[in-house]
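Hi,

Here is the structure I promised to pass on to you. Have a look at it first, and then read my notes below.

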Amino acid sequence: MIEGRLLSATIVGCVIDEPVLNRVLTAALADGAEFAEVFAEDAERNSVNLDDGRIENLASSRDRGAGIRVIAHGTVGFAHTADLSEASLVRAARAAAEAARRHAAPGSGHAVEIATQSSSPAPVEKPPADVDKATKVGAVRRADQVARAYDRAITQVSANYADTRRRILVANSDGLLTTDDQTRTQFSVSCVATGDAGMQTGRESVGHTMGYELLDRYSVDELATSAAARAVSKLEARPAPSGTHTVVIGPGSGGVLFHEACGHGLEADLVRKGASTFAGKLGQKVASELVTLIDDGTMAGEWGQFAVDDEGQPAARNVLIENGVLVDYLWDGIRARQEGRPSSGNGRRQSYKHLPMVRMTNTYLAGGQTDPADIIAGVANGVYVARLGGGQVNTTSGDFVFGMTEAYLIEDGKITTPLREGQLIGNGPKVLQMIDAVGNDFEMGPPGTCGKDGQGVPVGDGVPTLRVTEMTIGGTAA
Amino acid sequence: MTPDELLMLASRLAEKAAPGEQIEVACSHGESTSIRVYEGAVESLTQAENSGIGVRVIRDGREGFASAGTLDPDVVDQMLAQARDNARFAEVDPDAGIAEPDGVEAVDIDLWRDELADYSIEDKVAMAVEIEARVLAADSRIVGVRTSTYGDGAGSFALASSNGIRAASRSTSAGIGIQALADDGNQMQTGYAGDGAREPGGLDLDEVVDRAVRQALDLLGSRKPTTRTVSLVLDPRLAATMMSVIAGTLNGGRVIKGRTPFAGRVGETIASPLLTFSDEPIDPDSLGADAYDGEGLACRSVPLVTDGVLRGFVWDSYTGRRGGSGSTGSAQRAARGLPSPGVHALSVAAGEGGGLDDLIAGVEDGVLVFSLAGLHSGVNAVSGDLSLGVEGRMIRNGQLAEPIGEATVGSTLQRLLLDVEAVGSDRIHLSSGISTPSLVIGDVMLSGAAA
């Protein structure tokens, strides 16, 4: 109990003592609700933005508050407040209870006693708060210089650094009390190159669940050079072809393919509402046997890593598809409760102002056996996508799109001409069956923000080189 | 909090400016309700109170910014200190600065409706339950509803600066949305529809139910089309989607940094002569209307393209200073973010093409678009390259034909503007704040199966 008090007290600026949490949860249950939860958060963000050769601004933001969730007969009531006093928390608890009670039969409450469950937040070697602002400013300035020096065609550069520290506390009427302390740091460089045929863009972005040691792990010079090179090489690009082609996807950023093609469709909230093409297919072969898909919130340092999810459940490694067979869906607490099974540690929310729902963490395709060179050599005519941007999926039909931000033609087994941007479109269940080669060169891709029902959360994804026998490329050339 | 209370808070902080220092304080406070209904019962009900403050400090040509999600006095003071500290590390920029009063009188637009307070939580839940039930009952092929939602909000915004700007406003809004699931035994499809208004009484439930059902059903049996060049027919909602992407490239921030293909082309023909559009934030019928912009200057009408000729861009005060044109009162921001120029209430002028049916009748080989996917990943606003997932129905010889999906449409923003072949006379005000008629755009690459 004492440990719990210490733990909650470590959330600087949002100290909620254990007895207060007990009283707030008890108040939330007073009308006979079956579950109540306090989610408190203190999030700080600092960023440095350089654009057009100037440090445009340094920005800091601070968000702290608590969201209180009450479940009564399947109805979720939710209220949040930026005021962490006991009076305000109890008011929010009553508002949430009132909201949940409206369509539920009244019952009688019971007292709650919480007990601490320890968690091990990801280690931070260099807390960004300890690094002076001038150092961060120096890093983005360096990126600007290096990118501009790369080639005279580079006409515009923006470089951004940001760190966030998010401390959370979760206490619920099951007696749980746990905390997490998440530090994420990111750095990105975007370049515009101008040539005879107009402008092209190139971007490089890295982000990890770690502190300022991010910039020990990556060289700012290399990041800037690679963004600039990407923009310049696209000046020579020709319009992407249209229609169906064999597509080879390079290692790393191609993970977005699985995020869109099947990740969202495996989220239990969508499955339960029949809004997923993967509903009712557990145990069935849903993909080529080369496909083993894993979602892993424990991957050290990756963008979607955390110690406990936003419902207080420990992060976990969950195998979703094993050798092509659908093994499990992704679960949050509420959906797991309905099915009488444990949560898979995938209940996440953007902030204390949002309800948690089923979300991915770090989603990746396990590495295969094939030499990537052989995968490309086996294609007579096709497209090699070195880098994918974001995407979008309709989980009901399974159709998804994603943008290719760096792509080349494959001719006679060789990577040749660069292509302008376009989107690839496919149908998740069909594309999963058409994967006919998986490389032995697994990499995680750049950091992503996954959007769902208006909430964004940090996610990672990764793939080795892989080949899809047929996908539609949305170019403009015939 | 009322606009006046917020304005007092903001003014008090702005008045702390030291000699040679500029301070701008924006703050907001609001309450909102959101309801999700599933299978006739409330799935979740959220009651929320949101506050925000953003403090911008400029000293010796250096800008710093800090923001917080609370108006607690200790945090508010901390934000001023943080913004001042951040300013020390910024680059000296002779154009840095907050807005200067320009004498333009703000129009009196009332965005507040007392009627919102007349609706109880039960009334609001009933609306979401009603549209769900009506969608489910509409057709035997409608097998479910993924979400039926209702949401509303009432809030105040105030901005005060050491340059003497004082602006405050309040507004209400309400919205509904529903996603229908249709299944014909072989295929599942979805249809989404929503509406927004200043108060619940302004929501058109009939139209939302009808559109969600029709879209889901009309897509059943869709197949991948063959790859070829076609015309796109965009109803006002889809026209708004496409035009807002284009309008997003016509802002001063992109111009001064060379990030739009239209920089330096004022006075040139960049679009079909059939096309005229502008920013009309002072049209009280637009849901994008506002009296003040995000820096406290009066909103005003800004011509963008007239009869195909580029007339100008939208500017905020910083980009306007650098670009030499001054602010057009077009700063956009939330209290917690920095201002940047943008179109508030895009308005595309009605043409003479008639209604959607007339436009369809005039197309030989085309697609009536139901949805466009991948707007954030498929449009490069710098190069202009555009590639979007598309769902809709083919048009053959002026008649609607089979539904299509798993396809993309590709072009460039530059070409889309020039390829506008017809502009409808069916202009409407949409809940997005955009007002536009239907459009027909020719010569777009439809990418699907081999021909």
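A:Thr178 sits in strand β6 of chain A, which covers residues 176-195. Keep in mind that this is a predicted model. With a relative accessibility of 1%, A:Thr178 is buried. Its side chain comes to 3.0 Å from the backbone oxygen of A:Gln117. If you skip the neighbours within four places in sequence, the residues in contact with A:Thr178 include A:Gln117, A:Ser118 and A:Ser119, as well as A:Ile168, A:Leu169 and A:Val170. A:Val308 and A:Gly312 are also in contact with A:Thr178.

Next, the cysteines. How many disulfides are there over all chains? The count is zero. A disulfide needs two cysteine sulfur atoms within 2.5 Å. For A:Cys262, the closest cysteine sulfur belongs to A:Cys450 and is 13 Å away, so the two are too far apart for a bond. A:Cys262 is buried, at 0% relative accessible area. In chain B, B:Cys27 is in no disulfide either, with the nearest cysteine sulfur, in B:Cys299, 18 Å away. B:Cys27 is buried too, with a relative accessible area of 0%.

Finally, chain B as a whole. It contains 10 helices and 20 strands. Its radius of gyration is 24 Å, close to the 22 Å that the globule rule gives for 451 residues, so chain B is as compact as a globular protein of that length. Of those 451 residues, 60% are buried. Chain B exposes about 16100 Å², and carbon and sulfur atoms supply 47% of that area.

Enjoy exploring!

Best wishes

Technical notes:
Residues are numbered from 1 along each chain as its sequence is written. Chains are lettered from A and ligands numbered from 1 in the order in which they are written. This is a predicted model: local features need pLDDT of at least 70, side-chain atom pairs count only at pLDDT 80 or more; totals for chains, interfaces and linings use all residues. Side-chain values use heavy atoms; hydrogens and water are left out. Buried means under 20% relative accessible area, exposed over 50%, partly exposed in between (1.4 Å probe, protein chains only). Helices (H or I, at least four residues) and strands (E, at least two) are DSSP runs, numbered from the N terminus. A polar contact is a pair of N or O atoms within 3.5 Å; within protein, one must be able to donate a hydrogen and the other to accept it, and residues adjacent in sequence count only if both atoms are side-chain atoms. Contact means heavy atoms within 4.5 Å. The radius of gyration is taken over C-alpha atoms; the globule rule is 2.2 Å times the number of residues to the power 0.38. Accessible areas come from the Shrake-Rupley method with a 1.4 Å probe; for residues, only the protein chains shown count as cover.
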